[in-house]
Amino acid sequence: MPNTEPPNPAMCGRLAPVGPHASDTWVPDAPCPSRAGAAAETPRDRCCDLPEPAATESHACPSNGRAGRKVGTITLKALLLPPALATFEPAAEYRYCPDPACDTVYYGGGHEYRRADVEVPVYAKEAGDDVPVCYCFGWTRRRLREAGPVAAEQIRGHVQAGRCGCEVNNPKGRCCLGDVHHEMRPH
Ligand SMILES: [Zn+2]
């Protein structure tokens, strides 16, 4: 923040707004108009939404302070291990933290759920070759690498045919195709 304090406190009542953009009205984050109809979509439509929306939500992960994405309660119900699920609050709003360096997977309802609370290894947070990338059809990093581009085509075909169940299989509660393509690129 630039220092906008007037040099002399006695002048403050007469000071004009400072800077070329002083009259700009700051608008807090609002839902993107193109996402405004998202509530009317079915969970399957949302799960197969290929481009991931930017994390504009202001609700930050309690562990790393960064904004997480909203995740459906069905994802937590499907993937939390019993002791964690026993503290789940169905009416709460939950978010998923995608940060690889953060151990928290979900937060909300006054609780944080960590990697050890989730039934499956979380792709974004685990580096191993046997970690799933496509949870619905069982593609690990290793299998993807061995199969090559045909794997992505096969997965895309299943997604387009409406066979994926990302909201209950993938810890992020969304389609894996972006992650599959990420794994396919040399890195
Ligand atoms: Zn986090």
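**Questions on a predicted model**

Colleague: Once neighbours within four places in sequence are left aside, what is Lys172 in contact with?

Modeller: Lys172 is in contact with Val71, Tyr96, Pro98 and Ala124, its neighbours within four places in sequence being left aside. Two residues are in contact if their C-beta atoms, placed from the backbone, lie within 7 Å. The model is predicted: local features need pLDDT of at least 70, side-chain atom pairs count only at pLDDT 80 or more, and totals for chains, interfaces and linings use all residues. Residue numbers start from 1 along each chain as its sequence is written.

Colleague: What makes Glu126 buried, exposed or partly exposed?

Modeller: Glu126 has 14 C-beta neighbours inside 10 Å, and therefore counts as partly exposed. This residue is in the loop between β4 and β5. Apart from neighbours within four places in sequence, Glu126 is in contact with Pro121 and Val131.

Colleague: What is counted as a helix or a strand, and how many of each does the protein have?

Modeller: Helices (H or I, at least four residues) and strands (E, at least two) are DSSP runs, numbered from the N terminus. By that count the protein has seven helices and six strands. Along the sequence the pattern is α-β-α-α-β-β-β-β-β-α-α-α-α.

Colleague: Which strands form the open sheet, and in what order?

Modeller: Four strands form the open sheet, in the order β1-β2-β3-β4, with antiparallel pairing. β1 (69-71) and β4 (111-114) are the edge strands, since each pairs on one side only. Two strands pair if DSSP finds at least two bridges between them.

Colleague: How do you know that β3 pairs with β4, and over how many bridges?

Modeller: β3 (residues 104-108) and β4 share four bridges in the antiparallel sense, and at least two are required, so they pair. Thr104 stands opposite Arg114 in β4, Tyr107 has Glu112 as its bridge partner, and Gly108 has His111. β3 and β4 form a hairpin with two residues between them, and Gly109 in the turn has a positive phi of about 60°.

Colleague: And over how many bridges does β2 pair with β3?

Modeller: β2 (residues 94-96) and β3 pair over two bridges, again antiparallel. Tyr96 stands opposite Tyr106 in β3.

Colleague: What makes β3 mostly covered?

Modeller: Five of the five residues of β3 are buried.

Colleague: How do you know whether the length of α5 agrees with that of a helix?

Modeller: The expected span is 1.5 Å times one less than the number of residues. The twelve residues of α5 (residues 149-160) should therefore span 16 Å, and the end C-alpha atoms are 17 Å apart, which agrees.

Colleague: Which residues of α5 are buried, and why are they put on one side?

Modeller: The buried residues are Ala151, Ile155 and Val159. They cover an arc of only 70° around the axis, so they are on the same side of α5. The arc is that of the directions from the helix axis to the C-beta atoms. The cover over these residues includes β5 (132-134), β6 (139-140), α4 (141-147) and α7. Pro149, Val150, Glu153, Gly157 and Gln160 are exposed on the face turned away from the buried side. Just after α5, Gly162 takes a positive phi of about 75°.

Colleague: What is the mean pLDDT of the protein, and where is it below 50?

Modeller: pLDDT is the predictor's confidence in each residue, from 0 to 100. The mean is 78, and 68% of residues reach 70 or more. Over residues 1-57 the pLDDT is below 50, and this stretch has 36 contacts in the model beyond near neighbours in sequence. Where pLDDT is low, the predicted coordinates should not be read in detail.

Key
Buried ≥ 20, exposed ≤ 12 C-beta atoms within 10 Å, placed from the backbone.
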